[in-house]
Amino acid sequence: MTGQLFLQQLINGISLGSLYALLAIGYTMVYGILRLINFAHGDIFMMAAYFMIFSIMTFKLPWFIAIIIVIVATVALGVLIEKTAYKPLRNAPRMSIMISAIGASFLLENLATYLFTGVPKGFPDIKVLTTAVKLGSLSLTIATLITPFVTLLLLYLVLFITNKTKIGMAMRAVSKDFETAKLMGININKVISSTFVIGSSLAAIGAILWGSRYPSIMPLTGVMPGLKCFIAAVLGGIGNTAGAVVGGFILGMAEIMLVTFLPAFTGYRDAMAFVILIVVLLVKPTGLLGEKVTDKV
Amino acid sequence: MKKVLSLLLSLLMVLTLFTACSQPNNGGPSNQEPQTGGEEEPGTEEDVIKIGVFEPLTGMNGGGGQQELGGIQYANKMYPEVLGKKIELVVVDNKSDKGEATTAVTRLIEKDKVVAIIGSYGSAVSIAAGDIIKNAQIPAMGASCTNPMVTQGNPFYFRACFLDPFQGKVMATYAVEQGAKTAAVIMQNGDDYSVGLANFFIDAFKQLTGDPNSIVDVSEFQLNESDFNAILTNIKAKNPDVIFAPSAATTAPLIIKQARDLGIDALIMGGDTWENPALIDVAGEAAEGVVLSTFFDENDPVTNEAKKFVEGYKKELAGKEPIIPAVAALGYDAYILLRDAIERAGSTDGVAIRDALKATKDFEGVTGIINFTEEGDADKNLAVIKTIKDGQFVFVDSVEVQ
């Protein structure tokens, strides 16, 4: 194990981890407000990647305009799913809305297969992101380098919104006690929609960075990242935004380090993620940064 | 808290269940019903002979499956009849999934009552369907499934292509000829094609270099993996002369691109699945210089049938694909081999067709003169090596190995 090799793997791990973190924030915020695991989140991420492909390849938009359009379109999709699949079930048992989320996820996957076929599509090559730079014997794409910073910046932004703004205060109130917040005159629907706006825009940015690093997109692209990021959210303490980022980093790093130190087990990366989930649930179900919540009887 | 915990755990279980079956469920609506070639005239049992086409049209191998299907459908257009009856192709999508493969083949045999089956691209699905084919005694003709286990011990499975031990040897020979002394291998855990070909390459490479330590790294990855940075970083540290990464055309561009981004300049090689436009479209400049082996080269038609095929199919593909994919040529061969056998058998009985296939002698196909070995494999000893240059697949060499 040379220093160079370790450094490169460290950067690989941080970069992969920060991609997980971006998606995990979306899971954790929706869970915080609605106590719902939004299984469609990974598929919203996949759709965002396709939006990017079409705005650049088909409509020939320059990348910076395409990014804005992709974020807007993804937010619209996220809010649409909330309005159609989750809102009508607001007073239904929690299990129903969970099943509705799984349904939304399948709908998106099959819709994508129908619209875009199951054959993978190449992600547009945005030179600003995909150019490889050399640092000594290290070679990294710009996307790899900037991903962690983008994630930290967005985390800061999300924390700012939730802690310092009025809508953020409403979010925290709703997350603490849904019924009371409603009685206090907080517009619940607006708060929930804002949560989906934030979650979906992070998924869109995540998808653009993901696509630049892994430029092969197909209708099932969102499945694995979706599951991994859910694990990351649980690991960090679901409902806790900073926890989601910590969970994402740990998971990404653990995957890369497994390959680095135990090359014979490279085939077990996915399995390890699930083992982590089970261990967390058994040992510390509230996650690393999760608050201890006592169920009221 | 206990409630939340148990809810989460049960959810996880439900979720894994769903993901496990989500793949088979992900076909488009076009896959809900088998597409029938002769939709205009449904035809009764008497005036139509049904041949099943068993290919992955979606999933990991969707791109390759569709190329192969194109060749089969073109052959059907050229030779639409056998025994004075119309041949109807019944296409099912096996979704590149082993579980789905058995369902798809059972459906062809039980529901559509096909007399024979063509396919599949991807050895894993062919192997998975093998037992059903053997027990139903329906002859099957693989076009491009190269793993030896497809036909081994299965008297009803034949194939039109060469085998992985041969292909592995061809690539190892090429690598050694290029001066390679060390190699790293990347394979997909659970994919019979990838693991098989990788191991044949390893054996051949060790033998040719005479150095048991010449394979410096063997890494595995799983289905739907996108991130190869970690294994490639390990490989970079070992600095091999070549990287051999037999993989699906969906995964290959990711491996190639990430390798080049990490600054790896070793020669990157793959197998027959790599002759797919996806490699060039997705990997772009990174794909320049990769080397692959394939079955056929349109610039070098070896038989009259090949000349006819290249001329006609080129027109068919105009505007869609720049070159004729080798798997389309094999799909074409698989169809005409089967049609010829049915003609000679004079009946649609499975055993009779099987016996006729076995008796095939010096059949003139697009990919060469075809005879079958005892095992039902096309007796071929010629492979074509291609590279990617200026965004095109370019012929490098044709290699004969005895």
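**Close-up views of a predicted two-chain model**

**View 1. Pairing of strand β2 in chain B.** β2(B) pairs with strand β4 (residues 85–93) of chain B in the parallel sense over 8 bridges; strands are DSSP runs of E of at least two residues, helices are runs of H or I of at least four, and both are numbered from the N terminus. Two strands pair if DSSP finds at least two bridges between them. B:Val48 stands opposite B:Lys86 in β4(B). A parallel arrangement also links β2(B) to strand β5 (residues 116–118) of chain B, through 3 bridges, with B:Gly52 opposite B:Ile117 in β5(B).

The model is predicted: local features need pLDDT of at least 70 and side-chain atom pairs pLDDT 80 or more, whereas totals for chains, interfaces and linings use all residues. Residues are numbered from 1 along each chain as its sequence is written, and chains are lettered from A and ligands numbered from 1 in the order in which they are written.

View 2. Of the 8 residues of β2(B) (residues 48–55), 7 are buried, so the strand is largely enclosed by the rest of the structure. A buried residue has 20 or more other C-beta atoms within 10 Å of its own, C-beta atoms being placed from the backbone.

**View 3. The side of chain B that touches chain A.** In chain B, 47 residues are in contact with 47 residues of chain A (C-beta atoms, placed from the backbone, within 7 Å). Elements giving two or more residues to this side of chain B include α2 (62–78), β9 (215–221) and α7 (229–238). α1(B) gives the most, with 10 residues.

How values were computed. Two residues are in contact if their C-beta atoms, placed from the backbone, lie within 7 Å. A residue is buried if 20 or more other C-beta atoms lie within 10 Å of its own, exposed if 12 or fewer, and partly exposed in between; C-beta atoms are placed from the backbone.
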